Amino acid sequence: MSARGVGMTATRYTFCRICEATCGLAVTVDNNRVQKIEPDREHVVSQGFVCVKGTHFDQVQNSPDRITAPMKRTSSGWQTISWDQAMTEIGERIKTLRQQHGADSIGHFVGSPAGANVLSPLFRNAFFKALGSRRFYGTPTTDTTNKFRVNEDMYGSPFRLAFPDVNHCHFLMVIGANPAVSGNTLYHLPRAKARMREIVKRGGRVVFINPRRIETAAAGEHYFIRPDTDVYFLAAFLNELIAAGQADLDRIDAYYKGFQSLRETVAGWDAERQAAVTGIPADTLRELVAAHGAASGAALYMATGVNQGRHGTLCFWLLEAINAVSGNLDARGGTLMGEGLFDMAREVNEAGDLLLAHERGDGFPTVVGNHPSGLLADDILGGDVRALIVEASNPFLACSNPGGRLERAFEKLDLLVCIDLFRNEVGNLAHYILPAPTWLERAEIPYALQSFAGNNPTPYMIYSDAVVEAPPEVRHEWWMFSRLARACDLRLFDSRAVTWLLGLNDRLVYHPWRWLRRLALTPERMLNGMLKKAGLPGRRTFMRDHPHGLLLGENRTGTFLGTERVLTDDGRVDLAPQAYVQAFAELVPAHYEEELAQRHSFKLIGKREIRRINTSSANVPRLVKEETNYCYLHPADARDLGLAEGGKVEVRSRHGCIRIPVRITDDMMPRTVAIPQCWGHARADGLSHAIRHAGVNSNLLAGDGMDNVERLSGMSHLSGIPVQISAVAD
Ligand SMILES: Nc1nc2c(c(=O)[nH]1)N[C@H]1C(S)=C(S)[C@@H](COP(=O)(O)OP(=O)(O)OC[C@H]3O[C@@H](n4cnc5c(=O)[nH]c(N)nc54)[C@H](O)[C@@H]3O)O[C@H]1N2
Ligand SMILES: Nc1nc2c(c(=O)[nH]1)N[C@H]1C(S)=C(S)[C@@H](COP(=O)(O)OP(=O)(O)OC[C@H]3O[C@@H](n4cnc5c(=O)[nH]c(N)nc54)[C@H](O)[C@@H]3O)O[C@H]1N2
Ligand code: SF4
Ligand SMILES: [Mo]
C-alpha cells in the first residue's frame, strides 16, 4: 500500500511465513521485484537458520502463473472481472442462498497458509458471525484439533497450549513429529535440530518415537513404533511412571482433579502389553520411564503423526497427563504455558463460543469452530452445505478424498469461491477465484498462537511491513471479507457505526489517489494498534530499532497452576475428562485386539519433505525436480514383494487404490510404508510446473465419513491407514 523502494535495490528484513519456524529473512528488492531471499543472520531467534523453501519463495512471488485479478468461470472459460462485479455477484448469490437454505448452508474452508495471516481471521469471523453461519471447515481437522479439544477440557481453553521448555529440559521425547523438516508445530522452534543437540550437550536425552528413522533423529535416539499404536505406548508409559512412584502427589493434590480415574484408566497397561503391538520392547519403555523420572526437567511432545491416528485425542490427553502428573507442567525444563501479548485464551472464552467446542447434532463436535473436514463430502451431498469460500487451501489433495469423492461433492456446490495465489485443483471447480497477496506483500507479526498465545520457548516479537507491493488488482483477505459484508448488507462487529466506517475504509484503502489511501485504516495501522495494546513499541519503532526482532525475556514458571490462568470452572486441571475415560474404555481394548491380529500387515503413513510445503510449493521449479513422489519401504518388505528400487507398487486401502514407484530404505520400520502427501497435480492446469511433476495423491486412500473421523475432535484418520501392497508391472 505505501510505496517503498520503487526504482532502487534495497535489502529488507522480514520473516518467512511458510511454516511456523518463521525464520528471519533478508530480501533483496529491486524496482518492487524480489531478486533474492537470504537468511537474516541477526534474527534474534533463528540466527541465520533458514531452509530451501524460504530462500526459493521468490519463485512463488514472481510466478507467471499467479492470479492477479478476480476471475469468473463462464461457459466460454475463465474471464477476468472487476472487484465490484465479483463482490456484487458473490454477494447476491450468498443472499439468495441464505434466504433459501439458511445461513448455515454457507461456509468457509480455510487452509494452513491462512494460519500465518493475523488479520484475515478477524474479518472472516466477523463476516460469518454477521451472516449467522457457523459452518467452518478447514485443514485444522487434518493436523491438530485433537490438541485444541484436550486443552479445552483439561485447562479450560483450546488456546492454553503447553510446550516443552527446550532451553532447559534434560529429557525431551518427540512422538510423531519431525521438526528438522517440518519446522515444528504449535510451538516456535527454528533451528530445531541444533537446539535439540544442545539438550544432549548439557547431559540430557532427546528421544524420537517414530515409524521412520527421521531426519531429526540424528539429534538424539530413535525408536521405531508401529503406526497408530501410540495410545498403548502412552498408556503404559503413564501406568509404569505411576507404578515407579514418579507421580508428584503434592502437586496433584494441590492443582489437579481426576487422578484416581486417570490411574484406573491406565491400570493394566504395562510395558509388556504395549510391546506386543507397538514394537517398543518392554525394557526400553521402562528404561525411558526411569530416565524421564530422573531428569531435571522432562517434556513429552507429540504432533501430526499421532494426531492423525485413530486416537489423537486420547493420545494427547495421556501425553499431557504424563507431563502434568510427573510434576513437569509449569516447571523449569518441563512444559510451559506461555504468556502471549495478551491473554488470548481468556479473551476467546469471554467473547463467546464461536471458537469453543459445540455439538453438530450427529455425535461429532466442532473444535475451534471447525466441523470435521472428513464429513464435508457428506455435508455437501446431504444438502447441508451449498456454498463455500475456500481460503488458502487445496482440500482434494490435502484431505481424505476416498477415490475422488470430495471432488465429486464439490461439483455439487451452488457457489464455490477460492481465495488463492493460484488456480489450484479446487480452483478449477470454483465459480470465482479471488487473488490474494503473498506474505511478502503483507504487513505481519508472527502467527497468532506465537504472538498471542505465547507458545514460544524464547519469547520475542517482530514486525514486518510488506516487502513489496502486490499487483494492483490483488486484495488482502481481510479486505475481501469487509467488502463482501457490504455486498451482503451485513452489519459487522454488531455495530452500525463500525460497519459504516469499514464500508468507507474498504473504499479508501485501495483508492487510486494516494492522499485518500493515507486516511484509511491500513493493515499496518491495525497491527500497530495490536503492538501498542500489548505495551510494545509501535510499528515504526520496531522497523527502525528492532528489524531482527525484539527478545521479550525468558518464560516464567509457576505462572499457571493454582492461578486464574487455569480456565476450568473450579480452577483445577482436569486429568480425567469423562468423555475421554469413556472413549478409552470403549475403544482402546477393542482396537488393541485388532492391532494384535493384524500386526504383520502393512500400514501407510505420510512423509513431509524439506523441499515441499503441503501443496503450496509444487509449482516451484527450483524446489520440485522429481516428477513424482515415491512409496518408501523397508528392504525386507521389498524382498518379500519382489521389488527393486524404482519398481512400481499398487497400494490399496478400503477406500481407494493408487500406483506409485518405490524407494527402498532401512529408515522405514518393516510393514510400514510412507508416501509423501499433497502430491497428485495431474489436473492442475493452473500450475504449469506442478502439472508436469504431478505425482500421486495418497489421500485417495484415506477414508471419510463417520467411520474415519475421530469422534472427540473431528480429526481425519490420515496416518496408520491399513493397506495392501503388491508389485505391479510398470
Ligand atoms: N517441509 C515441510 N514442512 C512443513 C510442512 C510440509 O508439508 N513440508 N507442513 C507444515 C504443516 S501444515 C504442519 S501441520 C507441520 C507438521 O509438523 P510435524 O508434526 O513435525 O509433521 P511431520 O513431519 O509430518 O511429522 C509427523 C511424523 O510422524 C510420524 N508418524 C506417522 N504416523 C505415526 C504414528 O502413528 N506414530 C508416531 N509416533 N509417529 C508417526 C511420521 O513418520 C513423521 O515423521 O509441518 C509444517 N511444516
Ligand atoms: N496424508 C496426509 N495428508 C495430509 C497431511 C499429512 O500429514 N498426511 N497433512 C495435513 C496438514 S497438517 C495440512 S495443514 C494440510 C495442508 O493443506 P492446505 O491447508 O490445503 O495447505 P496448502 O496445500 O499449503 O495450501 C493450499 C493453497 O494455499 C495457497 N496459498 C499459499 N499462500 C497463500 C496466502 O498467503 N494466501 C492465500 N489466500 N492463499 C495462499 C496455495 O497457493 C495453495 O493453493 O494437508 C493435510 N494433509
Ligand atoms: S524453516 Fe519454515 S520458516 Fe524457516 S525458511 Fe524454511 S519454510 Fe521458512
Ligand atoms: Mo498442518
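On the surface, Trp500, Leu501 and Leu504 make up a nonpolar patch whose accessible area together is about 340 Å². Patch residues have over 30% relative accessible area and no salt bridge, and nonpolar side chains are joined within 5 Å. Leucine 501 lies in helix H23, residues 496-508.

This is a predicted model, in which local features need pLDDT of at least 70, side-chain atom pairs count only at pLDDT 80 or more, and totals for chains, interfaces and linings use all residues. Residues are numbered from 1 along each chain as its sequence is written, and side-chain values use heavy atoms, without hydrogens or water.

The average pLDDT (the predictor's confidence in each residue, from 0 to 100) is 96, and 99% of the residues score at least 70. Over residues 1-6 pLDDT stays under 50. Where pLDDT is low, the predicted coordinates should not be read in detail.

The structure holds 22 aromatic pairs, meaning rings of Phe, Tyr or Trp (its six-membered ring) with centres within 6.5 Å; planes under 30 degrees apart are stacked, over 60 edge-to-face, and the rest tilted. Two edge-to-face pairs are listed here.

| Pair | Centre distance | Plane angle |
|---|---|---|
| Phenylalanine 123 and phenylalanine 493 | 6.0 Å | 85° |
| Phenylalanine 396 and phenylalanine 410 | 5.0 Å | 90° |

Phenylalanine 123 is buried (under 20% relative accessible area; exposed is over 50%, partly exposed in between) at 5%, whereas phenylalanine 493 is partly exposed at 41%. Phenylalanine 396 is buried at 2%, and phenylalanine 410 is buried at 2%. Elsewhere, ring pairs link Tyr232, Trp269, Trp317, Tyr580, Phe584 and Tyr592 into a cluster.

Definitions and conventions
Chains are lettered from A and ligands numbered from 1 in the order in which they are written. Patches are made of residues with over 30% relative accessible area and no salt bridge: like charges are joined within 9 Å, nonpolar side chains (Val, Leu, Ile, Met, Phe, Trp, Tyr) within 5 Å. Accessible areas come from the Shrake-Rupley method with a 1.4 Å probe; for residues, only the protein chains shown count as cover. A salt bridge is a side-chain nitrogen of Lys or Arg within 4 Å of a carboxyl oxygen of Asp or Glu. Helices (H or I, at least four residues) and strands (E, at least two) are DSSP runs, numbered from the N terminus. Contact means heavy atoms within 4.5 Å. Buried means under 20% relative accessible area, exposed over 50%, partly exposed in between (1.4 Å probe, protein chains only).
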